[in-house]
Each structure stands twice: as C-alpha cells, then as structure tokens.
Amino acid sequence: MEQRTIAFIGAGNMARSIIAGLVESGYPADKITAVNRTPEKSAAFRETFGTNANEDGIESAKQAEVVVLGVKPQGMEELLASMQDVDWSNKLAISVAAGISVSRLSEMAGTPLNLVRVMPNTPSLVGEGMSGLYAPESVSDADRQFSGELLSAVGKICWVNEESGINGVIAAAGSAPAYFFLFMEAMQKEAERQGFDKQTARELVQQAALGAAKMVVANPDIELATLREQVTSKGGTTAEALNVFNNKQLTETVSEAMQAAVRRAEEMESLF
Ligand SMILES: NC(=O)C1=CN([C@@H]2O[C@H](COP(=O)(O)OP(=O)(O)OC[C@H]3O[C@@H](n4cnc5c(N)ncnc54)[C@H](O)[C@@H]3O)[C@@H](O)[C@H]2O)C=CC1
Ligand SMILES: O=C(O)[C@@H]1CCC=N1
C-alpha cells in the first residue's frame, strides 16, 4: 500500500489497536506518530511499537499527510478548535469517532475537512478488525483507496454509501466485540461455578468461541442456523441450553441491544 505519514491524535484504546495491527502488517513505524496528552501514554507507543510519539497534536497534525482523529466524541470539539492553525487543505482526515457527522466535524474545525469516517473495532489489534467506511463524494479516489487499504491492513472493511450506515456498523461490529466478551464472561463465570479453576474455565470458553468463529469463516456457504443445528442433537444437551436462551428471548434481546447502540449514536449526533 501507499505509505503516507500518519498522525493519530488521541492515541488511546482504538488508535492503539490500529497502530499495533498496522506495524505488525509491515507499515513503517517511522511514518506513524502517536499523540497522547499524557507523556507516559505516548512514550508507551514509542517503546512498544517503535512509532514516533509526542504530546503535541497541533504540530504533529501539521507535519502529517493523514490525521486520524482518535479522541472520545466528547473531546472532539475542543481538539479541533485547538487546531485552527492547521492547514487541512492538503490533508486527509480520518475520524473514528462514533456519533459525529462529517459536516459537524468540519464545523468544529472551522473549515471543510477532506474527511473519511471510519468505524473500526478493537480486534484490529490482532489483525482481525472489522471497519466500516464512509466518504462524502468530494473525497478523491486516491484518498478513498488509501483509507480502505489502511484499515484493510488491520482486518476487513466495508464501505457504506450513506453516512447513517456508520451507525449500523457501530451496532454490528464497532461495539460488537464487547457483546461477545460479555457472553464469554458469563460463560466463564458459570464454568467456574461448576468447579473449573479460572484459567481452565476461560480456556474452555475461549476455545469454543474461537472454534465456532473459525467454523463460521471456513464455511461461508453454510447458514449459521445449519451450523447451530449440527451441534444440536435431538433430545440432547444443546437443545436444553438453547431452549433456555429462546425462552428468555435471546434473539429479541440482541435486536434491542443493537437498536439501542444505533439510537445512542443518533443521540450523540445531536449532542456533540
Ligand atoms: N474503543 C473502541 O472499541 C472503539 C472506539 N471508537 C471511537 O474511538 C474514539 C476513541 O475511543 P477509545 O480509544 O476507546 O478512547 P480512549 O479514551 O482510550 O482514547 C482517547 C485518548 O485520547 C487522549 N486525548 C484526549 N484528548 C486529547 C488531545 N486533545 N490530544 C491528545 N490526546 C488526547 C486521551 O488521553 C485518551 O488516551 C472514540 O471517538 C470512539 O467513538 C470507534 C470504534 C471502536
Ligand atoms: O462505545 C463506543 O461508543 C465506541 C464506539 C464503538 C465502540 N466503542
């Protein structure tokens, strides 16, 4: 892929996941700058990943060809307002923030940004990210291609044609690792209750999750329902467990949870 200088401003959990995946994929660490207000946090990027790192978002943005805005949505307005001296005209900006539109980000910057919105997720850390991207028509093919390749270096990508599609990506992928972690946490707890030590309980659960995910990936032509049925012997144990999930309306609960994530993203659009 093309190698441009990239500054990650607000290098926290999400930016760290992308940076780790990028460096692991062979992107030159010296083309990456991680900026965090806390010196210990920025130093950790230098030490762990060999990237440049500092606490000066404005200077780093000025020097970079690509600026990834990685702060929390609550901090975005303050960050962009502090960057009035940055000449955005020849830069590609990438925002990973939930709930802030392209037009709102430009308003915060006080100038029309050449901006791609990305909704990544933390498995980017291990090269298994899933990112949704949205670019307004004004973004060039070269910048679209670069953004797509950047996120492809840390996982899979999909483009959405409407900006509202980003909120759907949040519900199905951005927030989704947390759903699976919660499910696994609950399973680990119960396995411990049933007598396994913590480490064994975790191994039982994580390996089952990994195996299930790998089976899904390895069998794109087999419906998820069929994979489920293959585990479920008539009159057996799985059927009993699934009955409990169905009686407690797991499917409806999952829908409600995903809808709540979308609603919150929409709400944030009016807050920030
Ligand atoms: N954590 C996740 O799984 C995902 C997060 N996102 C988005 O990523 C963004 C960041 O989220 P996290 O990484 O979880 O938050 P975080 O709190 O871990 O990272 C943000 C970092 O920015 C630093 N920071 C704040 N203001 C700064 C400034 N003016 N200059 C330099 N550094 C500054 C903070 O010290 C913090 O370390 C959010 O907008 C969120 O919507 C998107 C997809 C997934
Ligand atoms: O919880 C959040 O708002 C962010 C966006 C997707 C994952 N984390």
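**R104 and the spaces in the model**

Author: The side chains of R104 and E77 are joined by a polar contact of 3.2 Å. The model is a predicted one.

Reader: What makes the 3.2 Å between R104 and E77 a polar contact?

Author: The cut-off for N or O atoms is 3.5 Å, with one able to donate a hydrogen and the other to accept it. The R104–E77 pair comes to 3.2 Å, so it is within that limit.

Reader: Where does R104 lie?

Author: In helix α5, which covers residues 102-109.

Reader: Why is R104 called buried?

Author: Its relative accessibility is 18%. Buried means under 20%, so R104 counts as buried.

Reader: Which residues is R104 in contact with, leaving aside neighbours within four places in sequence?

Author: E77 and F272. Contact here means heavy atoms within 4.5 Å.

Reader: How many cavities of 30 Å³ or more does a search of the whole structure find?

Author: One. The volume of the largest cavity is about 40 Å³.

Reader: What makes a space a cavity and not a pocket?

Author: In a cavity a 1.4 Å probe fits but cannot get out, whereas a pocket is open.

Reader: Which residues line the largest cavity?

Author: F8, I18, V68, I94, V96, V118, L150 and L151.

Reader: What is the volume of the second largest pocket?

Author: About 1100 Å³. It is lined by 41 residues. Nearest its centre lie G10, G70, V71, K72 and P73.

Reader: Which helix gives the most to that lining?

Author: α4, with five residues. Helices that each supply at least two residues include α1 (13-24), α4 (73-81) and α12 (250-271).

Reader: How does the lining of the second largest pocket divide?

Author: Into 21 nonpolar, 14 polar and six charged residues. Gly counts as polar, so G10 and G70 go into the polar group.

Reader: Which domain does UniProt list for residues 5-99?

Author: An unreviewed UniProt entry gives "Pyrroline-5-carboxylate reductase catalytic N-terminal". In the model, residues 5-99 are 41% helix and 20% strand. The end C-alpha atoms of this span lie 26 Å apart.

Notes: Residues are numbered from 1 along each chain as its sequence is written. Chains are lettered from A and ligands numbered from 1 in the order in which they are written. This is a predicted model: local features need pLDDT of at least 70, side-chain atom pairs count only at pLDDT 80 or more; totals for chains, interfaces and linings use all residues. Side-chain values use heavy atoms; hydrogens and water are left out. Helices (H or I, at least four residues) and strands (E, at least two) are DSSP runs, numbered from the N terminus. Buried means under 20% relative accessible area, exposed over 50%, partly exposed in between (1.4 Å probe, protein chains only). On a 1 Å grid over the protein atoms alone, a cavity is a set of points where a 1.4 Å probe fits but cannot get out, and a pocket is an open set with protein on both sides within 12 Å along at least five of seven lines; lining residues have an atom within 4 Å of a point. Grid points are joined across faces, edges and corners, and a volume is the space filled by probe spheres set on the points. UniProt positions are given in the numbering used here, feature names are shortened, and annotations may be inferred rather than shown by experiment.
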